[in-house]
Amino acid sequence: VNYAVDARALQRIYGNQLAPTHQILPPGTPGYRRFDLYPYNLTKARRLLAKADPEDRQITVWTDTESPNAEAGEYFAYVLRQLGFRVHLKVLNADNYFTVIGNRSTPNLDAGWSDWFADFPHPDDFFRPMLLGSSILSTNNGNFAQVNVPALNAEANRLNALPLTQGTERRYARLDRSYMKLAPWVPFGTRTLT
């Protein structure tokens with residue numbers, strides 16, 4: 001799916017207030033090293049999905065009513081349909097969107113739109129709340145992909161205990177790449193807001 005999402009299309013949806021990226025850490029964050037494991041290639045995406053041949057092709061895509069998030073959700077549903085999935089788009093009021101998708105008992109939490117505004121300029125603020133197994137909660141869950149990889153959890157915990165040196169930043173860059181090789185997300189860009 002990462003190959004099928006065109007970040008340039010999302011850049012247009014967000015009114016050019018989005019810098020296309022395909023990784024977890026955004027530019028300017030300590031540990032950011034630009035890479036692109038999944039350049040846009042719809043043909044490759046279709047070929048990989050044909051090879052994987054997923055049994056369940058019914059997907060609910062979640063988004064909220066706030067523009068341009070609603071349009072981003074519609075685009076994602078469109079992409080999944082192009083890949084042969086039967087997609088139901090579920091659009092919720094922005095006021096309770098994260099409460100609903102953060103409740104693991106909500107049915108059909110297959111895929112959807114999310115964003116993250118950093119609380120502080122440290123790479124751990126991107127990994128810990130959204131990718132560590134310890135952040136999978138029954139309510140107020142922020143690890144929407146429910147990723148829990150013990151080796152990556154351990155590395156994130158080791159890095160969080162270290163001062164933020166150039167060596168630590170290089171390790172955070174490797175952690176970013178390691179998570180993206182698993183493809184728990186389809187990152188499409190970093191908002192460029194004033």
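Start by selecting N69, which lies in helix α3. Helices here are DSSP runs of H or I with at least four residues, numbered from the N terminus. This is a predicted model, in which local features need pLDDT of at least 70, side-chain atom pairs count only at pLDDT 80 or more, and totals for chains, interfaces and linings use all residues. Residues are numbered from 1 along each chain as its sequence is written, and side-chain values use heavy atoms, with hydrogens and water left out.

Is N69 buried or exposed? N69 counts as buried because its relative accessibility is 4%; the cut-offs are under 20% for buried, over 50% for exposed and partly exposed in between, with a 1.4 Å probe and protein chains only. Beyond neighbours within four places in sequence, N69 is in contact (heavy atoms within 4.5 Å) with Y14, T63, D64 and W113.

Next, select L10, L80, L83, F127, L175 and Y179. These have the most contacts inside the largest nonpolar core, which has 45 residues. Such a core is a set of buried Ala, Val, Leu, Ile, Met, Phe, Trp, Tyr and Cys residues joined through side-chain atoms within 4.5 Å. Helix α3 (residues 69–82) gives the most to this core: six residues.

Now zoom in on L83. Neighbours within four places aside, L83 is in contact with V1, A4, L42, A45, R46, L49 and R57.

Finally, show helix α5 (residues 124–131) and helix α7 (residues 166–182). Which residues make their contact? D124, F127 and L131 come from α5, and Y172, L175, D176 and Y179 from α7.

Terms used
Helix = DSSP H or I, 4+ residues; strand = E, 2+ residues; numbered from the N terminus. Axes fitted to C-alpha atoms, helices over the stretch in contact; angles between N-to-C directions.
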